[in-house]
Amino acid sequence: MTTLFAQPYDISACGFYFESIEQFNAKALALKNDNGDPVEEFEIQYIDGEHIDCSLASALGVNQANLSRFFEIIDQWDDDQKTRYIIAVGESGYATDCDPDDLDIDIYELDSLKELAEQFVEEGLFGEIPEQLRFYLDMDLIARDLGMDYSETEIAGTRYVYRCG
């Protein structure tokens with residue numbers, strides 16, 4: 001279960017925890033400040049839940065305006081879609097309304113660009129390289145060159161190397 005906190009911008013009102021858009025709406029409508037006036041604006045803070053959903057909230061910039069969408073996304077998208085969205089929006093500057101299924105992103109679950117270089121050599125992406133010559137390749141230089149197109153990030157404790165098209 002995902003737990004968020006609504007911190008009122010009105011300093012004379014106390015915030016509240018919530019786990020759904022329905023809870024947020026009900027508690028926000030009922031909340032009054034010390035003068036009995038309704039509280040209208042809140043800062044939304046991610047408190048507890050899946051680590052990937054925390055990264056998603058950060059990438060989305062969760063706030064009152066997109067809170068409903070945030071709850072829809074965490075229920076409907078799988079971890080791959082969430083990861084693609086986080087990389088596209090949070091790392092590469094795509095618009096927050098993008099669809100993760102329509103993105104041109106290559107993602108590898110690897111620790112470094114050097115591992116990507118080794119994988120590419122192993123898969124033959126640089127052409128046919130005889131086995132006895134592979135030991136003489138400088139993987140650090142290949143990784144540096146790959147760094148022109150690929151980047152590294154960590155999402156929910158998992159390291160990725162990615163390229164956005």
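Predicted model: local features only at pLDDT ≥ 70, side-chain atom pairs only at ≥ 80, totals over all residues.
Figure 1. Of the 165 residues in the chain, 39% count as buried. The accessible surface amounts to about 9700 Å², and carbon and sulfur atoms contribute 45% of it. Side chains of the chain include 10 positive and 37 negative ones, the centres of these two sets lying 2 Å apart.

**Figure 2. Secondary structure and overall dimensions of the chain.** Seven helices and six strands are present, arranged along the sequence as β-β-α-β-α-α-α-β-α-α-α-β-β. The C-alpha trace spans about 80 × 25 × 25 Å along its principal axes. The radius of gyration is 22 Å, whereas a compact globule of 165 residues would have a value near 15 Å. Among contacts with a separation of 6 or more, 52% join residues 24 or more positions apart.

**Figure 3. The aromatic pair Phe 16 and Phe 18.** The whole structure contains 14 aromatic pairs. In one of them, the rings of Phe 16 and Phe 18 are tilted, with 5.9 Å centre to centre and 55° between the planes. Phe 16 counts as buried because its relative accessibility is 9%; Phe 18 is likewise buried, with a relative accessible area of 1%.

**Figure 4. The aromatic pair Tyr 108 and Phe 120.**

**Figure 5. An aromatic cluster.** One cluster is formed by Phe 16, Phe 18, Phe 24, Phe 42, Tyr 46, Phe 70 and Phe 71.

Notes:
Residues numbered from 1 in each chain as written. Heavy atoms only, no water. Helix = DSSP H or I, 4+ residues; strand = E, 2+ residues; numbered from the N terminus. Rg over C-alpha atoms; globule rule 2.2 N^0.38 Å. Buried < 20%, exposed > 50% of the residue type's maximum accessible area, 1.4 Å probe, protein only. Contact = heavy atoms within 4.5 Å. Areas by Shrake-Rupley, 256 points an atom, 1.4 Å probe, with all protein chains shown as cover. Lys, Arg positive; Asp, Glu negative; His and termini not counted. Charge placed at Lys NZ, Arg CZ, Asp CG, Glu CD. Phe/Tyr/Trp six-rings, centres within 6.5 Å; stacked < 30°, edge-to-face > 60°.
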